[in-house]
Amino acid sequence: MRYQQYLAWSVLLRLFHWSFALSVVVLVTTGFYINFPWTNTMLEGGRSFPVATMFYIHFIAAFVFTAAILARLYLLLFGNRQERFWDFLPITPKNIANLFKTIANYLYISDKYDRRPGHNTLAGTFYIVTFIMALVQVLSGFYMLYPENVVWQTWGLWLLGPLQHARYLHYLIMWYFILFAFIHLYIVVWTDIWHKEGLISSIVNGRKFTPDKS
Amino acid sequence: MSRHDFGNEGNMRVDRRTFIKGCTMAAAALGLSETMVPKLVAAATSAQRPPVVWLHFQECTGCTESLLRASHPDIGRLILDIISLDYHETVMAAAGHQAEQVLQETISKYDGKFICVVEGGIPTKDGGIYCKIGGRTAVDILAEVAPKAAAVIAIGTCASFGGIQAAKPNPTGAVGVRDLVKNTPIINIPGCPPNPISFLGTVLHYLTFKRLPRTDQLGRPLFAYGREIHDQCERRAHFDEGRFVEQFGDEAHRQGFCLYKVGCKGPGTFSNCPAVRFNGVGAWPVGVGHGCIGCTEPEFWDTMTPFYERLPGVTIPGGGKGIVTGATSVGMKILGVTAAAVGIHAAVGIGKRVVKCKKCNNTPDEQE
């Protein structure tokens with residue numbers, strides 16, 4: 001079978017993906033440490049600052065994460081065809097049909113794969129859920145970072161309540177990101193094996209494959 | 001009844017030295033220069049200072065106790081001396097109809113001029129019947145007194161945010177003053193109990209400048225609640241350097257290390273406790289080896305418990321009432337279930353491929 005190659009993902013989207021992915025790894029690692037600093041220095045005068053350093057790395061990664069989210073927000077509205085949100089949300093009859101076909105295919109009920117130039121609707125829906133979760137992480141995170149700032153205090157209190165609510169939510173949503181990363185990795189590997197569209201390499205070089213109809 | 005009625009005994013009077021000292025402490029807490037102290041003193045001794053009506057609702061009188069008890073005699077007496085306390089159920093001599101008459105007289109005589117201090121939450125459920133004074137509900141009394149006051153000072157977490165009686169499931173529908181009073185300026189002095197200096201500072205600020213101090217988004221005066229306890233804590237260096245108490249009584253605890261891992265809520269709690277401290281002896285919870293329990297924050301009974309763990313427990317949806325577990329345990333379990341699901345899915349896929357390959361006897365083609 002012959003395949004055609006086409007550009008699916010812009011450079012900005014690929015940059016978003018990898019800065020987002022790497023920042024999540026760093027944020028989860030340092031976040032676990034911040035929640036429960038499992039080391040105990042015990043000795044005084046060592047001039048080592050493990051907790052302060054972990055916080056510092058966490059904050060740097062958080063700014064990368066925020067920048068990635070802003071880039072994705074721009075692409076959701078002004079990206080190429082595959083990157084805009086109406087391409088992959090179940091809001092048109094065609095997209096809704098794709099959602100059910102994809103679920104059936106993933107569950108081995110149907111062998112038919114409803115090929116999409118960009119995301120399938122199931123993946124796209126969860127990407128939007130993840131995007132909203134990321135916004136909550138950014139808001140709760142900045143609320144905890146700048147608790148005395150009037151702007152963050154106003155928004156934080158209005159949307160999340162006292163700081164302890166923000167801390168609790170921030171921690172629970174971290175688990176969402178761990179689960180998402182785990183399932184995401186499984187599904188891309190699975191899809192890459194079963195459907196020959198070069199899915200994994202597409203997030204590196206931006207190009208996907210489609211069967212040559214001619 | 002005026003303040004003179006309980007000033008009969010000599011020991012209830014404040015000498016000049018204590019008075020100036022108290023005003024200076026309040027000036028320091030407010031962040032004012034020492035040159036402002038005479039102005040504070042003048043305002044505090046002015047004959048035109050507004051009378052105070054002190055209302056008790058759903059509370060334990062702990063705020064009043066912490067203000068007046070012998071552990072803090074000077075400040076307690078100073079407050080009684082500075083404010084003209086016309087109605088206070090705990091300390092006034094009058095009782096019954098006589099006391100209620102004093103309240104009526106004060107609020108009509110000083111309409112729009114007196115200060116109303118509220119201590120305790122206000123139950124709203126079932127017509128507010130869970131707190132009644134002289135046959136009237138707390139809601140009624142507050143609705144009558146608060147609109148006539150120049151300002152309302154909610155003292156304690158109960159009056160500010162509802163406190164322990166507003167904790168889940170809040171059987172009496174308790175709320176704080178800010179949920180009921182809309183058109184009178186309100187200042188919240190939360191804490192369980194709050195520091196008397198914060199109350200004194202607020203009152204002196206009002207007497208001196210004729211307006212309430214600047215507040216944060218929760219109506220707490222910034223001079224007392226403007227910064228996180230964590231950022232002013234004397235044990236903060238131990239936190240940054242990763243020296244932690246693992247359990248109460250261990251070597252690290254004896255060394256005075258950070259209490260973060262035994263549930264200190266200093267990060268996320270706003271108060272001047274580390275700076276102002278309590279009882280005139282320089283003590284405060286973290287200083288004596290117990291983590292902050294976050295008592296100045298809204299909903300602290302719900303969100304700051306368990307007091308010796310970092311985060312509140314997760315209520316399991318659909319798990320029936322009272323099933324609560326740690327957030328980490330929930331995350332680990334969901335991750336375990338997901339891993340099992342992924343394993344089954346992968347096994348089915350491999351099985352399917354093996355069956356298919358046997359049938360077609362070559363590598364499977366793209367299934368379009």
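Colleague: Which helices of chain A and chain B each supply at least two residues of the lining of the second largest pocket?

Modeller: From chain A they are helix 1, helix 2, helix 4 (121–145) and helix 6 (163–194), and from chain B helix 10 (229–232) and helix 11 (236–240). Helix 2 of chain A gives the most, with eight residues. A helix here is a DSSP run of H or I with at least four residues, a strand a run of E with at least two, both numbered from the N terminus. Mind that this is a predicted model: local features need pLDDT of at least 70, side-chain atom pairs count only at pLDDT 80 or more, and totals for chains, interfaces and linings use all residues. Residues are numbered from 1 along each chain as its sequence is written, chains are lettered from A and ligands numbered from 1 in the order written, and side-chain values use heavy atoms without hydrogens or water.

Colleague: What makes this a pocket, and what a cavity?

Modeller: On a 1 Å grid over the protein atoms alone, a pocket is an open set of points with protein on both sides within 12 Å along at least five of seven lines, while in a cavity a 1.4 Å probe fits but cannot get out. Lining residues have an atom within 4 Å of a point. The second largest pocket holds about 920 Å³. Of its 37 lining residues, Phe55(A), His58(A), Phe59(A), Met144(A) and His170(A) lie nearest the centre.

Colleague: Why are Val11(A), Leu12(A), Leu15(A), Leu70(A), Leu73(A), Tyr74(A), Leu77(A) and Phe78(A) called a nonpolar patch?

Modeller: Because each has over 30% relative accessible area, and nonpolar side chains are joined within 5 Å. Together they have about 770 Å² of accessible area. Helix 1 (11–35) and helix 2 (50–78) of chain A each give two or more of these residues. Helix 2 of chain A has the largest share, five residues, and Leu77(A) is found in that helix.

Colleague: What order do the elements of chain A follow?

Modeller: From the N terminus, β-α-α-α-α-α-α-α-β, with seven helices and two strands.

Technical notes: Patch = residues over 30% accessible without salt bridge, like charges linked within 9 Å, V, L, I, M, F, W, Y side chains within 5 Å. Areas by Shrake-Rupley, 256 points an atom, 1.4 Å probe, with all protein chains shown as cover. Salt bridge = Lys/Arg side-chain N within 4 Å of Asp/Glu carboxyl O. Points joined across faces, edges and corners; volume = space filled by probe spheres on them.
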